[in-house]
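I am opening a notebook on a structure that is new to me. I will look up how some of its parts pack together, and I will write down what I find.

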Amino acid sequence: MESLNNLIVGYLGPFGPLMLVGMLGLFMILAMLPFVFKKRDDPLDRINSTEKQASTEKVEALRASKGTDKLDRFAEFLEPQNKDEFSAVQLKLVQAGYRSQNAVRIYYFLQLTLGVIGLICGAIFTFLEMQKGAVATQDLIVMLFGPGFGGYYGPKYWVTRKQQERQEAIINGFPDALDMMLVCVEAGQSLDQSIIRVAGELRAGFPELSSEFDIVSQQLKAGRDKTNVLRDMAERAGAQDITSFVTVLVQSQQFGTPIADALRVFSAEMRDKRIMRAEEAANKLPTKMTLATMMLTVPPLLIILIGPAVYNIATNFG
């Protein structure tokens, strides 16, 4: 064992045994994944599967899978079995613009795949660095596990970024959509027809908001209740302005007030909010530009003002 240890240390450096154990564990995990995925249910478990089936039926209803996707057989490992966790991830993906039935499955598959690839790349890079010389323990841990963490949390960061961008795009285009809807309603069209017209007009400038109105119009044509359709739209958008708009329409429908009056007041409020957002962004600019101004303006100014004096002093006393 001592000779083997000396041989490993001679080839891989002082952390050679640790690297070898880590790589061996990684390869064992990769080798066991096919056997885990091919896991079959024990026939004895079917006797006590009544309670488990009651808890999983809700998750299966949310998945709405047709069994045609290649990742269906890995669904148990690629999707959370908890209904609340599954709903939260699915809602986040929908708000980011990913509405496919297998979005949750693909999301977790990318996290797993990129995490494993990152670990492999980190192990290779660490091995190459150790060949060049000794590496500190802290640097070793960062090089070995850093790419794995980056690959695992990369899809989460991407989805969060897309969610924020989509919500911002919806908020920016919503005041114009309200103005168009108000014009359509005052011209004599119903709310359903005005939604269809606004969706068509906004398709070029604000495709995210247009797609939401298209979904609403299709669901209304399918015969769904208008209140539920509007609330689903607010949930998919994830923006406070859309939620307030849906609340106004629902209350207008419940209390029998004219929709045109409600839209007129609400559209004026949305225009004011857009102006306030623009003013807020403009007021933040001086603060954001202070550091850049100091770094790019003060050094050249000091060189221009003090440079000749410094040069004369150095020349005279030189």
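**Ground rules.** I note that this is a predicted model, in which local features need pLDDT of at least 70 and side-chain atom pairs count only at pLDDT 80 or more, while totals for chains, interfaces and linings use all residues. Residues are numbered from 1 along each chain as its sequence is written, and side-chain values use heavy atoms, with hydrogens and water left out.

**Helix 7 and helix 8.** I looked up helix 7 (residues 137-186) and helix 8 (residues 191-201), and found that their axes come within 9 Å and cross at roughly 135°. Helices here are DSSP runs (H or I, at least four residues), numbered from the N terminus; axes are lines fitted to C-alpha atoms over the stretch in contact, and angles run from 0 to 180 degrees between N-to-C directions. Helix 7 and helix 8 are therefore oblique to each other, a term for what is left once angles under 35 degrees count as roughly parallel, over 145 as roughly antiparallel and 65 to 115 as roughly perpendicular. I then listed the contact (heavy atoms within 4.5 Å), which is made by Ala-177, Met-180, Met-181, Cys-184 and Val-185 of helix 7 and by Leu-191, Ser-194, Ile-195, Arg-197, Val-198 and Glu-201 of helix 8. These residues divide into eight nonpolar, one polar and two charged, where Ala, Val, Leu, Ile, Met, Phe, Trp, Tyr, Cys and Pro count as nonpolar, Asp, Glu, Lys and Arg as charged, and the others, Gly among them, as polar.

**Helix 5 and helix 7.** I next turned to helix 5 (residues 83-95), which packs with helix 7 at an angle of about 55°, their axes being 8 Å apart. Helix 5 and helix 7 are therefore oblique to each other. The contact involves Lys-92, Leu-93, Val-94 and Gln-95 of helix 5, with Lys-156, Val-159, Thr-160, Gln-163, Arg-166 and Gln-167 on helix 7, and I sorted these into three nonpolar, four polar and three charged.

**Aromatic rings.** How many aromatic pairs does the structure hold? I found five, a pair being rings of Phe, Tyr and Trp (its six-membered ring) with centres within 6.5 Å, and planes under 30 degrees apart counting as stacked, over 60 as edge-to-face and the rest as tilted. Phe-174 lies in helix 7 and Phe-245 in helix 11 (residues 240-255), so the pair ties together parts that are 71 residues apart in sequence. Phe-174 also forms an edge-to-face pair with Phe-266, at 6.4 Å centre to centre and 75° between the planes. Since Phe-266 lies in helix 12 (residues 259-317), this pair ties together parts that are 92 residues apart in sequence.

Is Phe-174 buried or exposed? Phe-174 is buried, with a relative accessible area of 0%, where buried means under 20%, exposed over 50% and partly exposed in between (1.4 Å probe, protein chains only). Phe-245 is buried too, and Phe-266 counts as buried at 6% relative accessibility.

**Two single residues.** I placed Gln-189 in the loop between helix 7 and helix 8, where Gln-189 is partly exposed at 28% relative accessible area. Leaving aside neighbours within four places in sequence, Gln-189 is in contact with Cys-184, Ser-194 and Arg-197.

Arg-236, found in helix 10 (residues 226-237), counts as buried at 10% relative accessibility. With neighbours within four places in sequence again left aside, the contacts of Arg-236 include Val-94, Gln-95, Arg-166 and Glu-212.

Conventions
Helix = DSSP H or I, 4+ residues; strand = E, 2+ residues; numbered from the N terminus.
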